[in-house]
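Have the viewer open as you read.

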Amino acid sequence: MDDNNIQALDFENFDEWKEFRKSLYPENKEGKRRLVKIPVNKITPSYVKKIIERRYPFDTIFEIQNLCYINSNNLNLNDYSIFTTYDLDNVIECVKMLNDNNYNNIVQIDGMSIKKVIKANLKLQCWADEINYAKFEGRALSPLEKYLYAYKMVTQYTYYKEETNPCLSRVSTHILNDNGKNIVCLGYSNLLAELCKKIGIPCATQYLKNKEPNKSSHANSMVYIKNEKYHINGAYLADPCFDSASPTQRSKHVYSMLKLDDADKVYREINFDLVNLEETFGVLTYLPNKILYRETCLPEYERENVEDMILRKEDFGMLTCNTFNKEDLVLADMVVNHVIYPNLSNEQLCNFSIEEFVENDGKVPY
């Protein structure tokens, strides 16, 4: 995969793009410039060849649109800006085909240059490759270890809200291009969910409603972990926003794997209700197939792990309450920290990992 020499239009501000988009045909029947929408699930060389053969004017705007899973509240359960590895390869090839035929005005649905979108997707794939091919004592990492590695990557960013452009802090391509300069709860959740899928772990964004009127809502993630080595098989809630780094401390793992009843306790105390949980779990049930057939960079051993995942909607109650030994969680984290910090002693690794699973006062809030 390569993004060199790609030419594309770019809008820094989402509101400016929305206004400009309204002036384009067919959004505006009298528009002087044409808008052509290209769904990612159709973007193949043969499809783009047909577009080119129509001989649109060279100032035509091409908008790349990715599929989103939507719950009953019309909220996205995945990030439209992140492509599977299979789709990303097609996007790169087809964008170059358009460029070779002098079509250079190509954006994602929020107006970001497709070149920047590709750059961010390649960065996330590099993160996934780092995790997928990491070794501990000559073996590949287990699913739980890989998940904790991904969690560390996402929570390294410090919370900061950009008020003028919501996309900057919520959409993964904007976050990755800005190296985490702007990120809020939904941004953390989207980033974790998309990275997890690239390492073979089903994960989706989950929403919460503030009980107080006119107060901001919240987002976290639902993740499915199956790992016989650590006696874990369940769907858990994770809140990378709560665990994120701050200017004065490194990130934590306190909220990385919450059983449903623990999550209820945590969020009730701050006036949040979890909403549409079973719909989010429903997305998890068909993610293994999508991962197998669309995430083509997964190593063969990881594909076997995904093939072993059997998730059914009727298992929601059982899998969201499955418990695990927190000592196993710390042991898995020690493995990951050894990979990242190979020069630390076992005692240092142990203390390091224990600190990651407790609040600053040394307590666990559930």
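## Ground rules

Contact here means heavy atoms within 4.5 Å. Helices (H or I, at least four residues) and strands (E, at least two) are DSSP runs, numbered from the N terminus. This is a predicted model, where local features need pLDDT of at least 70, side-chain atom pairs count only at pLDDT 80 or more, and totals for chains, interfaces and linings use all residues. Residues are numbered from 1 along each chain as its sequence is written, and side-chain values use heavy atoms, leaving out hydrogens and water.

## Helix 11 and its cover

Helix 11 (residues 300-307) has Glu-302, Arg-303 and Val-306 as its buried residues (buried is under 20% relative accessible area, exposed over 50%, partly exposed in between, with a 1.4 Å probe and protein chains only). They span an arc of only 105° around the axis, so they sit on the same side of helix 11; the arc is taken from the directions from the helix axis to the C-beta atoms. Exposed Glu-300 and Glu-307 are on the face turned away from that buried side.

The cover over the buried residues includes helix 5 and helix 10 (277-294).

## Thr-155 in helix 5

Thr-155 belongs to helix 5 (residues 143-155) and is buried, at a relative accessible area of 0%. Leaving aside neighbours within four places in sequence, Thr-155 has contacts that include Pro-240, Asp-243 and Ser-251.

Four strands form an open sheet in the order 1-2-3-4, with parallel pairing. Strand 1 (24-25) and strand 4 (106-108) are at the edges, each with a single partner strand, so one side of each has no neighbour in the sheet. Two strands count as paired if DSSP finds at least two bridges between them. Strand 2 (residues 33-39) and strand 3 (residues 61-65) pair in the parallel sense over five bridges, and Pro-39 stands opposite Gln-65 in strand 3.
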